Amino acid sequence: MKKKFMLGLALCAALAVTGCSQTSETAETTAAETTAAAEETTAAETAAEESEGASEEAEAASEETAEEAAAAEVMTYEEYMAADLDTQVTVATYVQAKQSWWEDQATVYSQDEDGAYFLYNMACSEEDYEKLVPGTKIIVTGYKSEWSGEVEIIDATFTFADDGEEFIALPIDVTDMLGTDDLINHQNQLVTFSGLTVEAAGQDEEGNDVAFLYNWDGSGTDGDDLYFNASYNGETYTFTIESYLCDNTTEVYSAVKNLEIGQTIDMEGFLYWYEGVNPHITAVTVVE
């Protein structure tokens, strides 16, 4: 009986030792596996971070390359004028005046030292529109287009140039170019006209000659575009107060409403084109 009891104790002890050994081995295996998994996770995270960093560097390099390519593609005014209609163009130009902003689109008169550009419905946030003050340099990419004789850039986007350059154009007197083929070479530029004579623009409801009309056919009311005529060397030309550019609160709008047939006037404005020369006037002075 005692032998059996001692044998039993020995057997239990052996099993206990075996159990402890197995438990220890299992714990060591689990710990090793956990450590290995943690190391793999850390390595994966490090690799991901390195990959993300490399991706960001590649993206930055790509953007820099794109900016450099865009800068390299900027045209001179001569190259722009030689470009075919409906082709993509990129120009560096300076804001001279803003005509309108609506639904994230801006219409802008711009110019550089060599010529001018009319930017029609260019993509532009309201915040950026406020920054488009005269003299501001912008890089514009769009499509060269023509509408009723007016050459313009449409479907455009722009970026602000970061070189700090500014430019305000001085108007050139094109009075003697009226009626000549040379006039269109200054399309969209800031220009002046001197010594023109106010002519009748049409008639009122009573059949009396009037010096201006609301809209081209007299169908408008105060606040609409103003159309008026002035002659030089026996030829009469039509001029416009574009109400989006100069509304009925501006001095030039009031000045045109007060014109009298036969007066001599000087004018300043942008040499817009519509079925022939149709300047958008920004200032009128009666000299006689």
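Buried means under 20% relative accessible area, exposed means over 50%, and partly exposed lies in between (1.4 Å probe, protein chains only). These areas come from the Shrake-Rupley method, and for residues only the protein chains shown count as cover. By that scale Asp-222 is partly exposed, at 40%. The model is predicted: local features need pLDDT of at least 70, side-chain atom pairs count only at pLDDT 80 or more, and totals for chains, interfaces and linings use all residues. Residues are numbered from 1 along each chain as its sequence is written, and side-chain values use heavy atoms, with hydrogens and water left out.

Salt bridges were examined across the whole structure. The search finds four of them. A salt bridge is a side-chain nitrogen of Lys or Arg within 4 Å of a carboxyl oxygen of Asp or Glu. Side chains of opposite charge can pair when their charged atoms come close. Helices (H or I, at least four residues) and strands (E, at least two) are DSSP runs, numbered from the N terminus. Asp-163 counts as partly exposed because its relative accessibility is 40%. Lys-137, in contrast, is buried, with a relative accessible area of 12%.

Lys-137 also meets Glu-165 in a salt bridge, at 3.0 Å from N to O. Glu-165 lies in the loop between E5 and E6 and Lys-137 in strand E4, so this pair ties together parts that are 28 residues apart in sequence. Glu-165 is partly exposed, at 39% relative accessibility.

A further salt bridge joins the side chains of Asp-222 and Lys-257, again with an N to O distance of 3.0 Å. Asp-222 is in the loop between E10 and strand E11 (226-232), and Lys-257 is in helix H4 (residues 251-257), so parts 35 residues apart in sequence are tied together. Lys-257 is partly exposed, with a relative accessible area of 31%. Through shared partners, salt bridges join Lys-137, Asp-163 and Glu-165 into one network.

Glu-78, Glu-79, Glu-113 and Asp-114 form a negative surface patch. Patches are made of residues with over 30% relative accessible area and no salt bridge; like charges are joined within 9 Å, and nonpolar side chains (Val, Leu, Ile, Met, Phe, Trp, Tyr) within 5 Å. Lys and Arg count as positive and Asp and Glu as negative, whereas His and the chain ends are not counted. The place of a charge is taken as NZ of Lys, CZ of Arg, CG of Asp or CD of Glu. Glu-78 counts as exposed because its relative accessibility is 66%.

Helix H2 also holds Tyr-80. Tyr-80 is buried, with a relative accessible area of 1%. Tyr-80 and Thr-90 are ten residues apart in sequence, and their C-alpha atoms are 8.1 Å apart in space.

Ala-211 is found in the loop between strand E9 (209-210) and strand E10 (213-214). At 6% relative accessible area, Ala-211 is buried.

The structure holds zero disulfides, a disulfide being a pair of cysteine sulfur atoms within 2.5 Å. Cys-124 counts as buried because its relative accessibility is 4%. Cys-246 is buried too, at 8%.

Most residues other than glycine have a negative phi. Asp-104 has a positive phi of about 60 degrees although it is not a glycine. Asp-104 occupies the loop between strand E1 (88-101) and strand E2 (105-111). Its relative accessible area is 44%, so Asp-104 is partly exposed. Glu-275, not a glycine either, has a positive phi of about 50 degrees. Glu-275 lies in the loop between strand E13 (264-270) and strand E14 (280-286). With a relative accessible area of 61%, Glu-275 is exposed.

Terms used: Areas by Shrake-Rupley, 256 points an atom, 1.4 Å probe, with all protein chains shown as cover.
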